[in-house]
Amino acid sequence: MRSVAVILTAAVLLLTGCDYEEVEREIGYKGKARVNPWLAAERFASAKGRAIKSTISWTPPSAAEAMWVVPASVLGNQSFIRRMEDWVMEGGHLLVLLEHAEAEESDWSSHWVEPILQPALKRFLGETGLVVEEDMNTARTKTERISFGGDEFKVSADSQIRVTEPDGKPGAFASVEYGAGRVSVLADSRLLRNRWISDQDHAALLDALIEDSSGPGAIGFMRGSGLSLWALLSNHLAPVLLGMAVVLCLWLWKNLARFGPPESAATAAPLRGYEHHLEALGDYQWRLDRAASLIAPLRTQIVELGQAASLRAGRRDDDFLQFLAERAKLPRERVHRALVEPAPADAAILTRSVADLQELLKVLQSTRRS
């Protein structure tokens, strides 16, 4: 025990005497900012007196909203594009975010989801006059200044996708009027994310985009394209209830008694006769050894009685099977099958062979008594 205490004391002194260095590393935000990368942008717009609408899934725009900030992954089908296009034509401002626009990405991680622009979105941007260059094999382009509304904003954009206005130069930002509204594309979405919106003129650029939107309507932010189950139920509750009712009716039709009165649960089981027990025993023996053990004693008794009968009749040297066939008035083949074959091939042959054996035994016993 004393040696163990000495070892433990030495280990404690060794560990406490080691030098160590504390390293503090940022890993991200806590709370709402961890799941909403546009929280700071939303609060900035709210501080400017604008109503804010924040959603985690696709939401059709309405006339009461002046601007929508939408990741490119949300606009992945023709139906969403058509709804957004109609809204822009009536005066809405659409800001499409390309790289680093997914809500699940961390602002402190070096890994990011490569954007995939769907053909429907490319077609829509092409109709507005914007050109998107999506060559991922080229080097990344750094943009330090963005021009919009006659002003220049100092930014720190770094993107692989480049957008171009009509008669303009490729860059990280482009904006054109479309119908009564406007379509803007920001290649590097980090300018508006929580971690970087306070850098340089990023917030000022967002303010200019909001102020350019027509009317005092709300500013909307979409964070993803996933559909909520409860949103689906609220919009399509009637078909869901109808489907559940059909399934319930089918289940009732399958499980409830449908023809005549229900059978009483107290119905007594029918009594089994002696022949049922014999049948069960015969079935067991058949499955065990094809009933060879059942007919073996019967065959032995018939052979003994038949040999004694042939001696009395003076036909010891005659065909024994033919002698038995003549006595029982049966074909010789059936007598041969009943006495010689090792095991019947099936239940029907077994039944016939046993009947022939019983007939032979009956005839021989009556001959002996007489």
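Visitor: Which residue in β6 does F148 stand opposite?
Guide: This is a predicted model. In it, strand β5 covers residues 141-148 and strand β6 residues 151-159, and the two pair in the antiparallel sense over seven bridges. The strands form a hairpin with two residues between them, and G149 in the turn has a positive phi of about 60 degrees. The residue of β6 opposite F148 is D151.

Visitor: How do W58 and F80 pair, stacked or edge-to-face?
Guide: A search of the whole structure finds three aromatic pairs, W58 and F80 being one of them. W58 lies in the loop between β1 and β2, F80 in helix α4, 22 residues apart. Their ring centres are 4.2 Å apart with 10 degrees between the planes. Planes under 30 degrees apart count as stacked, so this pair is stacked.

Visitor: Is W58 buried or exposed?
Guide: Buried means under 20% relative accessible area. W58 has a relative accessibility of 11%, so W58 counts as buried.

Visitor: What is the angle between the planes of F124 and Y178?
Guide: F124 lies in helix α5 and Y178 in strand β8, so the pair ties together parts that are 54 residues apart in sequence. F124 and Y178 are both buried. The pair is edge-to-face, 5.8 Å centre to centre, and the angle between the planes is 90 degrees.

Visitor: Which residue lies over the face of W38?
Guide: R190 lies over the face of W196, at 5.9 Å from the ring centre. For W38, at 5.5 Å from the ring centre, the residue is R193.

Technical notes
Residues are numbered from 1 along each chain as its sequence is written. This is a predicted model: local features need pLDDT of at least 70, side-chain atom pairs count only at pLDDT 80 or more; totals for chains, interfaces and linings use all residues. Side-chain values use heavy atoms; hydrogens and water are left out. Two strands pair if DSSP finds at least two bridges between them. Helices (H or I, at least four residues) and strands (E, at least two) are DSSP runs, numbered from the N terminus. Rings of Phe, Tyr and Trp (its six-membered ring) pair if their centres lie within 6.5 Å; planes under 30 degrees apart count as stacked, over 60 as edge-to-face and the rest as tilted. Buried means under 20% relative accessible area, exposed over 50%, partly exposed in between (1.4 Å probe, protein chains only). A charge sits over a ring if NZ of Lys or CZ of Arg is within 6 Å of the ring centre and within 35 degrees of the ring normal.
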